[in-house]
Amino acid sequence: MTAYFVKRLIIAALTLVLASMVVFAVMEILPGDPARLMLGLNASADQVEQLRNQMGLNAPLVLRYLHWAGGLLSLDFGRSYTYSVPVIDLVRERIAVSLPLALIALALSTIIAIPVGVFSASRQGRAGDTLAMGAAQLGVAVPNFWFALMLIYLFAVWLHLVPAGGFPGWSAGIWTALKSLLLPAVALALPQAAILARVARSALIEVLNEDYIRTARAKGLPYRAVLWRHALRNAMIPVLTILGLQFAFLLAGTIIIENVFYLPGLGRLIFQAITQRDLIVVESIVMLLVAAVILINLIVDFSYAVVDPRLRGRQ
Amino acid sequence: MTMRIDLPEETLAGVLAKAFGNRSFVIGLVITLLVVAVALVSFLWTPSDVTRLVIADKTQSPSHVHWFGTDHFGRDILSMIMVGARNSIAVALVAVGIGMGIGVPLGAFAAARGGMVDEALMRVNDLVFAFPALLSAIMITAIFGPGAVNAIIAIGIFNIPVFARVARAGALAIWPREFILAARAAGKGMTRISIEHILPNIATLLLVQGTIQFALGILAEAGLSYVGLGAQPPMPSWGRMLFDAQTRMVTAPWMAIFPGMAIVITVLGLNLLGDGIADILDPKSRRRR
Amino acid sequence: MKLWKTILAAAVLSFVAATSAFAARTDLTLGIVLEPPHLDPTAGAAAAIGEITYANVFEGLTRIDDNGQVQPGLAESWAVSDDGKVYTFKLHSGVKFHDGSAFSADDVKFSLDRARAKDSLNPQKPLFAHITDVTAVDPATVKVTLDGPQGNFLYDMGQVAAVIVGKGSADGNKDKPIGTGPFKLDHWAKGSEITLVKNPDYWGTPAALDKATFRIVPDAAAAVPALLSGDIQAFANMPAQDALGQLQSDPRFSVVIGSTEGETILSINNKKPPFDKLAVRQALASAIDRSAIIDAASNGLGKPIGSHFSPGDAGYVDLTGVYPHDIAKAKEYLKEAGLENGFSATIKLPPVPYARDGGQVIQSQLKDIGINLQIIPVEWAEWLSQVFTNKDYDLTIVSHVEPNDIDIYSRPGYYFQYDNPKFNDVIKELGATVDKDKRLELLGAAQKILAHDVPAIYLFELPKIGVWDAKLQGMWTNWPIEADDLTKVKWTD
């Protein structure tokens, strides 16, 4: 058991090192000079060269990689070229938007998906099931940025219920801040909910066909109790796996939605940093996200291994 | 992910009868064929030329001349959607092709060899999975420049680990079976067994995954074009049509509604088709999916 | 369509009812498209830095007003020596920086010396190239000596990169800008907004607003709903031009179309075949239909130009008729160049709507004379390195927003790769001329050379599309420089 965990940890660490090299290499071949971008049209070549020296861009490649990677190990993420503040400060500000947004979207998605999944599973093959799963199919097919635009025009421009975008900051009051995260969260949650509902339904149906459920029913337990108390609990593993994946996706995959709602989140920070060639910001944040995904995968794998020792050999 | 090999017991007629009794399959097939037909027709005929800009006709509402209205350059939206279908299908199809072409051999190889090779390949797989897909696509296009080809590559790369995983899981379930043991006893090599026996038996699995990835590819292409990284003008693309539409939502809503519907319907059709195929070929999957 | 309008009207009514309670307010939220990387105008070229800080936070010796005229700034008056080489500035007294330190001639000397120093990273370093000496005569008098007469010197000292910074605070200006202006930085929520508050110790007329927030709205699509929902009350320059019709018909908003110094041009790589041939450039100029481009790329609001000069500036000559839109003539020019079967070329488009939209129209128009353009969209970083620095391009579209910049065609190594000794002579003479009439004459001559020789195709002057709450007064109509001067902005009832 311990050997398995240690092996997985070593592999995770190796993956991170490899990922850091990939990220660094990719940013190296990105065309465009951050120094020229900062100084603009009227700066001379000498001025640009001087700024490059100041920014440490002229040091040898390997040295720069080691400097950056070494910094990461001691949780020093470097300084942003454009903002000239520590990257970690930027991350801290942005994660205060992205993390709550991801959590709200995840919560919304779960609140919608689980009841729909249970409803569908309990009426398998009947009209209600068909209707619910049809709606889920539709939900999966809608591009979330298009859905977001429709939401903005309906709820912000016509009905004035919520702001059309922007984030006033948590200092503006929890309710005010939450209100501005509501539409983006809905736009993000709907497609996720559609996927989750389908997974929940099939997992439940699978469990409902297991022997112990039949036994429970044969013993005279009411269907409702069997469904909610026994079946749902056992169907949770695939549902939680998907939730883990979705969480990782929501943390990083919200670039387009953050742009549509001009939210100052992580996704937009990276997007902006790529266009401004703020290399260090891109490198460090991508690494953070990669690390988050690897960590989530690790936790999922470990919890499987604890629940079902047979899986250890196969994974 | 176990696979039932039920095919040999069923006749073709039986499968067809089941297929046309399956609602998902029929609806999905009809929609998909319709979209493909529209794309093919656009090679021969469109209501008007999408590469010619007629500024004087800009943002006209739907009429009998322009059924879906015109965009901010006076182009016919219906024609653009027709030609855009070509672009969406081509990008998604080739991206799936790349994913299958590279991912399936990798997955089959990993399953056949097992041990360190398997482990190493799957870890590389994990590495690709660990990168946020959209972000990586943006970086790829930032390096090589935006365009349909680079969008294909960006989407294709992220299809590789998906197919590798599915192929490996499918193959792992087949390897211990008796007919494989028999083939090995007959002296057939690993590669030959993989091609002759494993691949045909995981084909349905790959087909189902293929339709799902195809649908995801269409959505991904729309997303990339929406942020300006997909096909470039004068080639119309659904995602960029939505980008152009977004500042004109109130004045020219048709610019946003029709391309959006095109995406939704196409993706819906493909997903239904995938579900249908899975149902028909693997009755157990009806419950799982 | 009727239903849409009814719902919209209902929404508008409910909004008007809801906002009337906020009359005579003293706070303002403005939308800006790009977030500045930092707030030091002497250390970065990003236009957003000046947009926020110019006249609000930082002030120069002189200042440029809404009409592009030079006004006194921190210098209340000045005298010029007879040979045009020595400027003596008399400074305002009682001026304090935001950190409480007193402003004096020493700060002026410090700022100008810093900008022209060898290791200066000032983005507009050429502005200071002719200064040979700066002397603080007494705390309220500064003497600036030039290497020769400079026709534009007072204007240049009013530009964004020439603002006066404090001796003790200059190094921290990126994060904590310390100027002398009527507003000071309150806080900057990175990625979200920058808030300025009134400076109670301001030396001049105090601002009417207590608080001004610049909110970053990067997505043109988000700009319209932000205005309609009332989240943002002003866009000095609206990114979504197509929504204008809708905003103009809405009584809540003022839509004010002004001019900028942005000559939007189709730049040509003059050394790259076949564009090194005059006939090819003439073919391009004749094939292009300016009015269609203006319609598509600036919603019909841009003023057509025929040379590299702003129609609002003194000395402007209308040269839009030199090469009228004429497909037959364009084909003749191509034949003259031996390219009657057309050719293929690329056009690199930076990420701004006028370029991306204009590029598509030009692509379609040039197709008519057999020129196949391949569109290559680029980010600004790529544009700067590929097009501007390495001259690796055929055609590109860009707006040159620097004021009085016709001299760029004479700069050696500039990305047009244009080299015309006759033009260079005119510019050289212009630089040394102080006499007003003579200057205008030379400017006219320079414009004519460019119009006939087509080192670039001149499309239109970029409009400034101001959209703000109808109850707001004092916003700039024009953008002689990119600045949102809020010193006179106030709410009326």
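**View 1. Nine residues of helix 13 in chain A are buried.** In this predicted model, the buried residues of helix 13 of chain A are L266(A), G267(A), R268(A), L269(A), I270(A), F271(A), Q272(A), A273(A) and I274(A). The helix runs over residues 266-275 and is mostly covered, with nine of its 10 residues buried. What follows helix 13 of chain A? Look for R277(A), whose phi is positive, near 55 degrees.

**View 2. Chain B is built from helices, with zero strands.** The C-alpha trace of chain B spans about 75 × 45 × 30 Å along its principal axes. Of the 289 residues in chain B, 57% are buried. Take the contacts in chain B with a separation of 6 or more: residues 24 or more positions apart account for 70% of them.

**View 3. Helix 8 packs against helix 9 in chain B.** Two packed helices are described by the angle between their axes and the distance between the axes. Here the pair is helix 8 (residues 190-226) of chain B and helix 9 (residues 238-245) of chain B, at an angle of about 40 degrees and with axes 6 Å apart. Helix 8 of chain B and helix 9 of chain B are therefore oblique to each other, and their crossing is right-handed. Which residues make the contact? Helix 8 of chain B brings I218(B), A222(B), S225(B) and Y226(B), while helix 9 of chain B brings W238(B), G239(B), R240(B), L242(B) and F243(B). Sorted by class, the contact of these two helices has six nonpolar residues, two polar ones and one charged one.

**View 4. Four strands of chain C form an open antiparallel sheet.** Strands of a sheet pair through backbone hydrogen bonds, either parallel or antiparallel. The order across this sheet of chain C is 4-5-7-6. Which strands sit at the edges? They are strand 4 (75-80) and strand 6 (131-138) of chain C, and each pairs on one side only. On average, and ignoring direction, neighbouring strands of this sheet are turned by 20 degrees against each other.

**View 5. Strand 6 of chain C pairs with strand 7 of chain C, with helix 3 of chain C lying across both.** How many bridges join strand 6 of chain C to strand 7 of chain C? There are six, and the two strands run antiparallel, with strand 7 covering residues 141-146. Helix 3 (residues 105-116) of chain C lies across strand 5 (86-91), strand 6 and strand 7 of chain C. Helix 3 of chain C runs at about 170 degrees to strand 6 of chain C.

**View 6. Strand 1 of chain C is mostly covered and pairs with strand 10 and strand 11 of chain C.** Strand 1 (residues 27-32) of chain C has five of its six residues buried. With strand 10 (residues 211-216) of chain C, strand 1 of chain C pairs in the parallel sense over six bridges. In that pairing, L28(C) stands opposite A212(C) in strand 10 of chain C. Strand 11 (residues 234-235) of chain C also runs parallel to strand 1 of chain C, joined by two bridges. Where does G31(C) find its bridge partner? In strand 11 of chain C, the partner is F235(C).

Definitions and conventions. Residues are numbered from 1 along each chain as its sequence is written. Chains are lettered from A and ligands numbered from 1 in the order in which they are written. This is a predicted model: local features need pLDDT of at least 70, side-chain atom pairs count only at pLDDT 80 or more; totals for chains, interfaces and linings use all residues. Side-chain values use heavy atoms; hydrogens and water are left out. Axes are lines fitted to C-alpha atoms, for helices over the stretch in contact, and angles run from 0 to 180 degrees between N-to-C directions. Angles under 35 degrees count as roughly parallel, over 145 as roughly antiparallel, 65 to 115 as roughly perpendicular and the rest as oblique. A crossing is left-handed if the near helix is turned anticlockwise from the far one by less than a right angle, and right-handed if clockwise. Contact means heavy atoms within 4.5 Å. Ala, Val, Leu, Ile, Met, Phe, Trp, Tyr, Cys and Pro count as nonpolar, Asp, Glu, Lys and Arg as charged, and the others, Gly among them, as polar. Two strands pair if DSSP finds at least two bridges between them. Buried means under 20% relative accessible area, exposed over 50%, partly exposed in between (1.4 Å probe, protein chains only).
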